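Please open the model in your viewer, with the sequence panel beside it, and follow the stops below in order.

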Amino acid sequence: MILRGKLITGGRMLADGVVETSGDRVVWAGPASERTDQLPEPADPGTTIIPGLVDVHCHGAGGFGFPEADRDGSTAAADHHRHNGTTSVIGSLVSAPPNVLHRRIELLASLVERGTLAGIHLEGPFLSVLRCGAQDPASILDGDPALLESLLAAGRGHIRSMTIAPETAHFAELSTMLTENGVVVSIGHTDASNPTATRSIAHSAQAPLSATHLFNGMAPMHHREPGAVAACLAAAARGQMVVELVGDGVHLADETVSTVFDLVGPHQIALVSDAMAAAGMPDGRYPLGPLDVDVVDGVARLAGQGDTAIAGGTSRLMDIVRRTVLDAGVDLLSAVTAATATPAALLGLTGIVGDLVPGCRADLVVTDKKLLPRAVMASGNWLTNTMES
């Protein structure tokens, strides 16, 4: 398969590029001018070929959520994201009683082993009740190394990241356990002071480290109380941390998104969807773990509590890339990098997914001039293709 058009490959944008796949791998990518064989005609102006997206924080879509759906529903949620351009999906859980978490982890681990998911993200239960957001406060626990050990065992090596609050009990021991098991420590849902957050970052900074949906689930940054937000921004600027941004216009203002790109750059940012069951669905009531969520005008909030905490996202990652470019004014290469190469590197998957270079899996999205997906390929197979033959 040979595709030609504007191409993002190897951290650069080519005005006239070619990507060639064979089986499930990319075998060549570069400028069309370097090819001497017969090539397809250039794609329509505005068509861009980008790597398949990598979402490291995703709770579901299409009416099904990973924290509560059965195997078929969880598969449908992952498939929805894949067909919309996210070819590597990390399934995120929320805080729940330990027995429920064990069952959910075991179910999602089986989907990783089938290739449906790229891994599991635990968002809790070792979080701050004061900054729990749409998480069930009754399910939030103090840090417990024995419980973490059992959760990791249930995951069979497929847990890729875990959100924990710096102020939780035994933070240092927990973060060390996660790092030793190849799990990314992600700081979030925290009311920690700046010194506490800074110490937690320093403890974990020698391994991949992230901030869960920066700004959301954290105390607002104040000039006399900078809190965890300032600690995470400073660490990202030093290259010690990747910060997640839910750039959907609901979790963050577009100006906030563009500011963070200006401050730390795309290689320290992972655009994420934080999508829940309502992503790709009409307004209505949907579950998020044990809690009900009402979606009104595309915004998800806990049911029956009025203008309360945002309860996950309703956008897909390609929607967020598009908004980051068209509304936040971030250049396309930077936005795509933050949704592909950076999250892949965070997970240790550089050279496997997140780029279109030889040896990478043949995951790609063909977009039109409005950055809407026209075709999606995963492992060399077309999932969606509305282009003319």
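Where is the place of Phe215? Select Phe215 and you will find this residue in the loop between β12 (209-211) and α6 (227-237), where helices (H or I, at least four residues) and strands (E, at least two) are DSSP runs numbered from the N terminus. This is a predicted model, in which local features need pLDDT of at least 70 and side-chain atom pairs count only at pLDDT 80 or more, whereas totals for chains, interfaces and linings use all residues. Residues are numbered from 1 along each chain as its sequence is written, and side-chain values use heavy atoms, with hydrogens and water left out.

Stay on Phe215 and inspect its backbone: phi is near 80 degrees, a positive value in a residue other than glycine. Phe215 has a relative accessible area of 24% and is therefore partly exposed; by the convention used here, buried means under 20% relative accessible area, exposed over 50%, and partly exposed in between (1.4 Å probe, protein chains only).

The buried residues include Gly227, Val229, Cys232 and Leu233, and what covers the buried residues of α6 includes α5 (194-204), β12, β13 (242-245) and α7 (254-264), contact being heavy atoms within 4.5 Å. Just after α6, Gly239 takes a positive phi of about 85 degrees.

From Cys232, turn to the other cysteines. The structure holds zero disulfides, a disulfide being a pair of cysteine sulfur atoms within 2.5 Å. For Cys132, which is in no disulfide, the nearest cysteine sulfur is that of Cys232, 18 Å away. Cys132 is buried, with a relative accessible area of 10%, and Cys58 also counts as buried, at 0% relative accessibility.

Now select α1 (residues 71-83), a helix of 13 residues that reaches 18 Å from its first C-alpha to its last, close to the 18 Å expected at 1.5 Å a residue; the expected span is 1.5 Å times one less than the number of residues. Among the buried residues of α1 are Ser74, His80, His81 and Arg82. Just after α1, Gly85 takes a positive phi of about 110 degrees.

Which strands make up the open sheet of seven strands? Select them in the order β3-β2-β1-β4-β18-β19-β20, and note that the pairing is mixed, two strands being paired if DSSP finds at least two bridges between them. The edge strands are β3 (25-31) and β20, each of which pairs on one side only. Within this sheet, β1 (residues 2-9) and β4 (residues 48-51) pair in the parallel sense over two bridges, and the bridge partner of Lys6 in β4 is Thr48.

Between β19 (373-378) and β20 (381-385), select Ser379, which lies in the loop joining them. Phi of Ser379 is near 50 degrees, a positive value in a residue other than glycine, and Ser379 counts as partly exposed at 29% relative accessibility.

For the last stop, select Gly124 and Pro125, which are joined by a cis peptide bond with omega about 15 degrees. Pro125 has its place in the loop between β9 (119-123) and α3 (145-155).
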